[in-house]
Amino acid sequence: MKQTLRFDQISCRLQVEGLPDVSTGQSGDGLGIITGWSLQWAGRPELEGKKEHLVALMQAVLPYARLLVSGAGRALTSQGQEVDIAPAAGGGHQLLLRSSQPGTEPLRVVLDDAELSDLVRVLDQLRLDSRLLLKLDLPDDRPLRGREVSHRIPRRQRLAAPAAAVLALALSTAASLLWPTPRPPAPAGQGLTQAGKLNPPR
Amino acid sequence: MVSPSAPPQPPATATDAPLPRRGIERLDLMLLCAEALDLNGAEATLILSEQLGFQDLIPNRVELWKRRCHNPLRRQVRRGTLAAADSDALIRILCTQCERLYPLLRALLSAAEPDDIARQRWELFEDRLAGLVHERMNPRRGGVQRLLEGAEGARQRRQLILAMALAAGNGGFARLKASLMDAGA
């Protein structure tokens, strides 16, 4: 009855163990209950955990990969704060895994782009595997809003339009201040002498 | 070689809106990167189109070229928007190509490769990409100049390769499509 799903990439191997959920009519090679999983990384300690830890890993890594595709990678945390992922200071990606066991220090793993791609691929393979009959609570991929991708446009180009608008407003204000106002009309009988009258009578 | 079996297709993202201008630019540039990585990339695209069941949309090289000419960076640009069905087909073809080219993409991204080998790989890829860009893109466009020159160009080229690696396979479709639909286009 016990089923094992295994997904391999060059730098990692994900192995998920579980059982079909017979209470919902599952049978055969389906996997409706995850009893445990392990992630083996070349040259790094093996990770093990329960279903919640696997879902937390997916909740942090897959949306992070989504952001990286847009070139907008930033720190993300799983819903239960078990897993953090963020761009590493010296390049690469830092994964912080907090153990549910008290007194255990969080595990820090720095992955390069290729290792992160491998991890994303094994997680994708798992979530899209037809034998996994379990609903995973993962966010949908959605387009980013304007301010989330504003860094893509160079600052000079981004500020050009507002700067031109401010300049145009300042110039038009200055021009309107310099424009001569019409003189008020002189009262009748003042200001014009006989000689100064227009069209003096002959 | 192209794998004969068509992979199962995950459900598309909810939106069927056409890709914005910048999304079409990035999609076409990633297809160009795939051609730079694979000398038979153009033929592979057509074979994949047939294998994935898009022969009605993209039956031949001319139809493929017409769709890719919606990229405003090209020498010959088509006006109007690219239909959602066409862009979905191109994204699926690209994701399948990325799956096929994944070992090459991974090798370019890996920090474990010796420096000189990694540099040679990048030089080879960048030479081919520059050749294709000069052949097909309008060199007077700022976007084309930025892609080919300086540190910003190198950052953009690496970003394209990373996006292709993360878009490889079945799981990559929704991720890549959402990215191409980003605002701020």
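Student: What share of the residues in chain B is buried?
Tutor: A residue counts as buried if 20 or more other C-beta atoms, placed from the backbone, lie within 10 Å of its own. In chain B, 42% of the 185 residues are buried. Keep in mind that this is a predicted model, where local features need pLDDT of at least 70, side-chain atom pairs count only at pLDDT 80 or more, and totals for chains, interfaces and linings use all residues. Residues are numbered from 1 along each chain as its sequence is written, and chains are lettered from A in the order in which they are written.

Student: How many residues of chain B are in contact with chain A?
Tutor: Contact means that two C-beta atoms, placed from the backbone, lie within 7 Å. By that rule, 25 residues of chain B meet 25 residues of chain A.

Student: And how do I describe two packed helices?
Tutor: You give the angle between their axes and the distance between the axes. Helices here are DSSP runs (H or I, at least four residues), numbered from the N terminus. Axes are lines fitted to C-alpha atoms over the stretch in contact, with angles from 0 to 180 degrees between N-to-C directions. In chain A, helix 1 (residues 51-69) and helix 2 (residues 113-128) pack at about 115°, their axes 10 Å apart. Helix 1 and helix 2 of chain A are therefore roughly perpendicular, a label for 65 to 115 degrees. Among the residues making this contact are A:M58 of helix 1 and A:L119 of helix 2.

Student: What about helices in chain B: how many are there?
Tutor: Chain B has 9 helices and 0 strands (strands are E runs of at least two residues).

Methods:
A residue is buried if 20 or more other C-beta atoms lie within 10 Å of its own, exposed if 12 or fewer, and partly exposed in between; C-beta atoms are placed from the backbone. Angles under 35 degrees count as roughly parallel, over 145 as roughly antiparallel, 65 to 115 as roughly perpendicular and the rest as oblique.
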